[in-house]
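Hello,

Here is the model I promised to pass on to you. My notes follow below it, and I would be glad to hear what you make of them.

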Amino acid sequence: MLQAIDLHKKFKTKEAVRKVNMQLEAGESVGLLGPNGAGKSTTISMLSSLIMPTNGEVLWNNVSVNKNPEALRKALGVVPQEIALYPELSAKENLHFFGRIYGLKGQLLVERTEEILQKIGLTDRKNDIVKTFSGGMKRRLNIGAALLHNPSILIMDEPTVGIDPQSRAYILDTVKQLVEEGMTLLYTSHYMEEVELLCDKIYIMDQGEIIAYGTKETLKSLVSDNQTIELKAHILSQKFEEALKKYFPTANIRKEDEILLITMPQNEEPLATIFAIAAKNAVTITSAIVKVPSLEDVFLHLTGRALRD
Amino acid sequence: MLFSLIGKQMKMLLRNKQPLIILLVMPVVLITILSTALASVMNSEEEAAIQAKFVLIDESSWEQEEASIKRFLEEEGVSGPALEALLQVFKGNDPIHILEESIFGSEDISKYISKENRQFAELDILRKDKEIDGILLIPADFRFNYIKSAYFDEQETPDMDLFLSQENGIRASIIQSVLDEWQTGFTKSLALTKVGISADEVMLNGQAVERIEQSLQGSERKIPASIYYTVGMLVMFALYIPTFLAGFALQEVQWKVYDRILLAGVPATLYAFSIFITGMIIALMQQVIILLYGKFVLGIDWIGLEGMALIALSYSLFIGGLSALLTTLQLRTKSEGVANIFSGLVVSIFAFLGGSFFNIGDVSSLLANIGSFTPNGATMSAILAIQKGQLLEVIWFYMFTLYGWFVICILLSIVLFPKRGVTS
């Protein structure tokens with residue numbers, strides 16, 4: 001278990017992180033969500049023993065990481081936001097180097113390298129120099145280098161920044177697979193959909209502080225328990241609107257710019273009923289969108305700003 | 001782990017064009033240009049420099065000692081015409097006369113040594129004169145004692161005093177070699193004159209000239225432009241190695257690769273040590289390549305290989321230490337400023353003071369003295385001393401200067417190297 005207790009980091013006059021408390025249980029996938037400059041990378045650096053907190057403590061299996069970083073380091077893989085690779089070396093040379101400094105050698109090193117190359121889909125390009133790679137390939141190799149020594153906990157700092165959608169999908173699939181295999185994951189991003197996809201528990205950070213945490217559902221419930229259905233049709237008749245109001249008496253039904261908005265509790269599943277009422281009233285629905293609160297809405301709700309501002 | 005770090009640093013260096021151009025191509029091009037362009041200037045300077053100034057102070061003379069010699073011969077039972085004939089033989093075989101006339105008076109020798117006769121009273125002043133390379137003092141009664149020793153076995157060969165200047169070893173050694181030849185000659189001549197061969201024939205000036213040439217070749221050979229600039233560029237361009245290694249280290253921090261290295265459990269001190277070793281290996285390789293270029297392309301005959309190996313290893317040791325120090329300073333300041341100042345300013349100043357471009361001693365002896373305390377200047381002086389054929393002990397002063405620099409670099413690196421992570 002990795003724990004952060006009252007972490008505080010001050011750089012000269014700037015307070016980068018204030019009173020951060022976090023907990024990662026074995027096999028858990030935890031997201032750290034926040035805009036750029038929120039203090040996510042500094043928190044990660046402290047959690048991974050790279051920088052000392054000004055105050056507070058990091059515990060790995062109840063042992064202080066500040067005093068004894070070796071135990072955590074052996075079990076930890078870190079994927080930094082930067083491409084932490086040697087551009088003049090080939091993919092294989094990079095992996096061999098990082099494997100060797102983790103103490104892998106001989107046949108084991110060769111096997112692990114091949115395994116990782118396969119996992120990140122770079123077997124065909126293993127002998128190519130990294131600087132010739134696309135952004136997505138570099139990102140994949142960046143992840144591979146952190147997995148070589150078979151860590152039990154993986155910290156990923158914005159691993160999909162600046163890459164094409166195809167590579168992003170590949171990386172997310174790879175990470176999802178790692179989580180399913182039982183890897184403990186701390187995933188930071190300002191892409192809420194990635195965090196939503198991969199993580200069971202989410203910490204939301206802003207201006208150096210954790211402003212909210214919990215499961216996706218808990219956090220979204222901070223905003224609202226309702227869902228909104230947006231309907232478009234060729235002709236939205238008054239009769240149809242009244243029929244809906246009669247069937248869903250607790251719902252808030254209103255019309256905005258030729259779109260019918262129906263807000264009701266999330267526990268209801270109204271689409272089949274809505275389509276049936278539409279058919280009965282000779283209304284042809286051309287589009288129906290069910291909207292639930294997103295983490296973006298949660299952040300907006302908590303800070304008054306959007307995540308990507 | 002150490003070998004992995006060294007191997008990775010070597011690959012980074014070898015796969016970058018800029019370091020290869022600066023560390024190998026530039027020195028080779030400059031050596032070729034400078035040694036060709038300045039060959040005529042440097043070589044003629046060396047020729048003009050080789051003329052030794054010799055002073056003879058002769059306290060002995062036939063006029064003063066002839067009476068004593070006659071008395072001695074009469075005591076030995078020689079008198080009348082036989083005595084006169086014997087005196088003529090002695091005069092004809094007078095070694096001082098032979099030295100003055102047949103040896104120093106010859107055109108061949110006077111090309112290398114100019115001779116002057118002075119008085120004993122001036123000896124103290126003459127010994128302080130830095131222009132004079134050698135003084136031979138012939139004591140009073142030398143001829144009388146020489147005759148007694150040489151022809152009558154009555155006493156040992158009389159002593160003479162030779163004062164050689166320490167200012168210019170090559171000129172002093174020319175005088176020494178001629179006088180050695182002369183001394184050997186008149187010792188041999190004794191035996192030969194007894195069987196009727198003239199001493200003049202034994203002490204031919206040709207043998208003395210041969211000794212001078214041997215002396216020039218054997219002890220202090222001329223340093224042509226090719227050697228001078230090969231050494232000058234070699235010591236200068238090795239100073240760029242630390243800036244490249246420190247630059248790579250800073251990149252590793254910026255790319256967060258350094259974090260990965262630390263997270264893998266590599267101690268920061270081992271990382272610094274790997275930079276020290278890499279710097280050493282690259283410096284050694286660079287020196288070997290440049291020296292081989294000098295040998296096979298410029299036709300330089302490198303002599304004193306043991307001394308050269310010692311100097312190259314010591315300089316590589318220093319370059320390794322400097323690499324560790326520059327890396328330390330870059331990681332502490334988290335900027336390329338230190339390496340930029342070093343490569344842009346310090347290397348140029350060191351190269352100027354150390355004499356990489358020209359002999360700074362020709363401009364100012366003060367600057368030359370300061371230059372001999374720079375690591376590259378000390379190394380260059382040591383290599384040139386070995387190439388002149390001087391003994392190994394001559395280079396120790398320079399080597400200790402270099403070791404001093406090395407110790408300073410290592411101590412500062414140990415004290416200042418960031419032991420935990422470096423935030424970029």
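The side chains of A:Glu93 and B:Lys11 come together in a salt bridge, with 3.7 Å from N to O (a salt bridge here is a side-chain nitrogen of Lys or Arg within 4 Å of a carboxyl oxygen of Asp or Glu). A:Glu93 sits in helix α3 of chain A and B:Lys11 in helix α1 (residues 2-14) of chain B, so this pair joins two chains. A:Glu93 also forms a salt bridge with B:Arg15, where the closest N and O atoms are 2.6 Å apart. The count between chain A and chain B is 2 salt bridges, and over all chains it comes to 27.

Before you go further, please note that this is a predicted model, in which local features need pLDDT of at least 70 and side-chain atom pairs count only at pLDDT 80 or more, while totals for chains, interfaces and linings use all residues. Residues are numbered from 1 along each chain as its sequence is written, chains are lettered from A and ligands numbered from 1 in the order in which they are written, and side-chain values use heavy atoms, with hydrogens and water left out.

Now to the rest of the interface. With contact taken as heavy atoms within 4.5 Å, 31 residues of chain A touch 23 residues of chain B. The two chains bury about 2400 Å² between them, 63% of it on carbon and sulfur atoms (buried area is the accessible area, with a 1.4 Å probe, that two parts lose on being put together, summed over both). On the chain A side, A:Leu50, A:Tyr86 and A:Ile101 lose the most area to chain B, together 28% of what that side buries.

Which elements give two or more residues to the side of chain A that touches chain B? They are β6 (76-79), α3 (91-101) and α5 (135-147) of chain A, where helices (H or I, at least four residues) and strands (E, at least two) are DSSP runs numbered from the N terminus. The largest share, 5 residues, comes from α3(A).

As for the domains, whose bounds come from an automatic or database domain assignment, chain A has domain 1 (2-221) and domain 2 (226-292), with C-alpha centres 44 Å apart. Chain B is divided into domain 1 (2-37 + 223-416) and domain 2 (50-218), and 52 Å separate their centres, taken over C-alpha atoms.

Finally, the record. The unreviewed UniProt entry places "transmembrane region" at residues 227-250, 262-290, 302-326, 338-360 and 395-417 of chain B; UniProt positions are given in the numbering used here, feature names are shortened, and annotations may be inferred rather than shown by experiment. In the model, residues 227-250 of chain B are 88% helix and 0% strand, with end C-alpha atoms 36 Å apart.

Best wishes
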